Amino acid sequence: MKVTQHIENANGKPLFSFEILPPLKGQNIQSIFDGIDPLMEFKPPFIDVTYHREEYEFKELPNGLLQKKIVKKRPGTVGICAGIQNKYDVDAIPHILCGGFTKEDTENLLIDLDFLGIDNVVALRGDALKNETYFKPEKEGNEFASDLVLQISNLNKGIYLDEDLKNSAETNFCIGIAGYPEKHMEAPSMDSDIHFLKQKIKNGADYIITQMFFDNKKFFDFVDKCRKSGITIPIIPGLKPIATKKQLNLIPHRFKVDLPDDLIMAVVKAKDNDAVKQIGIEWCIEQSKELIEAGIPCLHYYSMGKADNIKAIAKEIF
């Protein structure tokens with residue numbers, strides 16, 4: 001079932017969903033199920049699975065020269081989605097990236113997903129490689145998320161890359177996209193960010209999931225700006241409980257989001273990471289309550305493969 005249908009069928013009752021990431025290469029899928037099992041009592045209608053593109057590593061050879069090696073540390077997104085749908089009978093939503101894919105790769109991936117009965121995807125540009133300052137698309141690949149959305153939308157209309165195909169089948173993907181309550185790190189302004197968000201919607205996007213945020217006012221302001229600009233599709237807030245002192249610096253640096261001063265000071269004063277984890281849970285509970293009171297149809301949690309803090313939050317909310 002499509003995410004938009006899940007929201008419609010809920011009739012105003014808030015939905016619980018979460019995101020997981022594939023395990024490091026060498027681990028099996030049981031590590032994924034171990035992170036999902038404790039959360040199934042809250043009846044998530046869908047679970048997102050991130051995609052991780054290749055990385056470059058340099059290995060020093062005996063002669064002192066460096067050998068460039070391409071590695072994919074977290075493979076398995078499609079297999080995990082198939083496993084989730086088979087084991088739990090919930091919708092699994094793979095992320096699809098521009099980076100690392102040609103348009104042909106993307107089309108073939110979408111065909112596989114369609115054959116597996118996967119009804120939803122999240123279309124993202126993806127990050128630059130670690131050795132790149134700016135994102136570089138693959139040769140013959142999609143440069144922007146809006147281009148990727150258009151390719152998926154075209155496939156939904158039976159338009160394939162090979163124009164000579166006759167009687168081509170239409171797919172039926174519900175397309176999610178990312179939104180940024182504090183704007184995308186590369187956007188020069190919030191208005192320009194919303195302009196390009198509207199382009200993704202024009203190209204066929206069906207719903208928005210936001211980047212994590214820790215101040216609900218920023219989310220409400222973002223939704224208000226979106227609605228005033230004519231965006232009407234569902235906007236699902238993305239939430240993450242802070243869990244370690246290190247994240248005070250890591251999260252702003254990695255995701256370009258601000259942390260409220262009250263949260264910062266509480267974490268700074270915490271005696272250890274166990275105390276920080278509890279602070280993060282309590283903060284996220286209050287965020288969740290306020291969002292539900294405002295009528296938000298679905299709350300989406302970034303679990304990063306750890307279920308215990310998400311379960312503590314969900315017990316209080318759902």
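Me: On what basis are the values computed?
Reply: In this predicted model, local features need pLDDT of at least 70 and side-chain atom pairs count only at pLDDT 80 or more, while totals for chains, interfaces and linings use all residues. Residues are numbered from 1 along each chain as its sequence is written, and side-chain values use heavy atoms, with hydrogens and water left out.

Me: Why is Val71 called buried?
Reply: Buried means under 20% relative accessible area, exposed means over 50%, and partly exposed lies in between, with a 1.4 Å probe and protein chains only. Val71 has 15% relative accessibility, so Val71 counts as buried. Val71 is found in strand β4 (residues 66-71); strands are DSSP runs of E with at least two residues, helices are runs of H or I with at least four, and both are numbered from the N terminus.

Me: Which residues is Val71 in contact with, leaving aside its neighbours within four places in sequence?
Reply: Contact means heavy atoms within 4.5 Å. With those neighbours left aside, Val71 is in contact with Glu54, Glu55 and Glu57. The C-alpha atoms of Val71 and Glu55 are separated by 5.3 Å, although the two residues are 16 apart along the chain.

Me: What makes Leu291 a buried residue?
Reply: The relative accessible area of Leu291 is 0%, and therefore Leu291 is buried. Leu291 lies in helix α10 (residues 273-293). Beyond its neighbours within four places in sequence, its contacts include Phe213, Phe219 and Leu239.

Me: Why are the rings of Phe213 and Phe219 called stacked?
Reply: Rings of Phe, Tyr and Trp (its six-membered ring) pair if their centres lie within 6.5 Å; planes under 30 degrees apart count as stacked, over 60 as edge-to-face and the rest as tilted. The centres of Phe213 and Phe219 are 5.1 Å apart and their planes stand at 5 degrees, so the pair is stacked. Both Phe213 and Phe219 are buried. A search of the whole structure finds nine aromatic pairs.

Me: How do you know that the charged end of Lys87 sits over the ring of Tyr88?
Reply: A charge sits over a ring if NZ of Lys or CZ of Arg is within 6 Å of the ring centre and within 35 degrees of the ring normal. The charged end of Lys87 is 5.5 Å from the centre of the Tyr88 ring and sits over that ring. Likewise, the charged end of Arg254 sits over the ring of Phe255, 5.1 Å from its centre.

Me: What makes β2 and β5 a pair of strands?
Reply: Two strands pair if DSSP finds at least two bridges between them. Strand β2 (residues 46-49) and strand β5 (residues 91-97) have four bridges, in the parallel sense, and Asp48 stands opposite Ile93 in β5. Strand β1 (residues 15-20) also pairs with β2 in the parallel sense, over three bridges. Eight strands close into a barrel in the order β1-β2-β5-β6-β7-β8-β9-β10, with parallel pairing.
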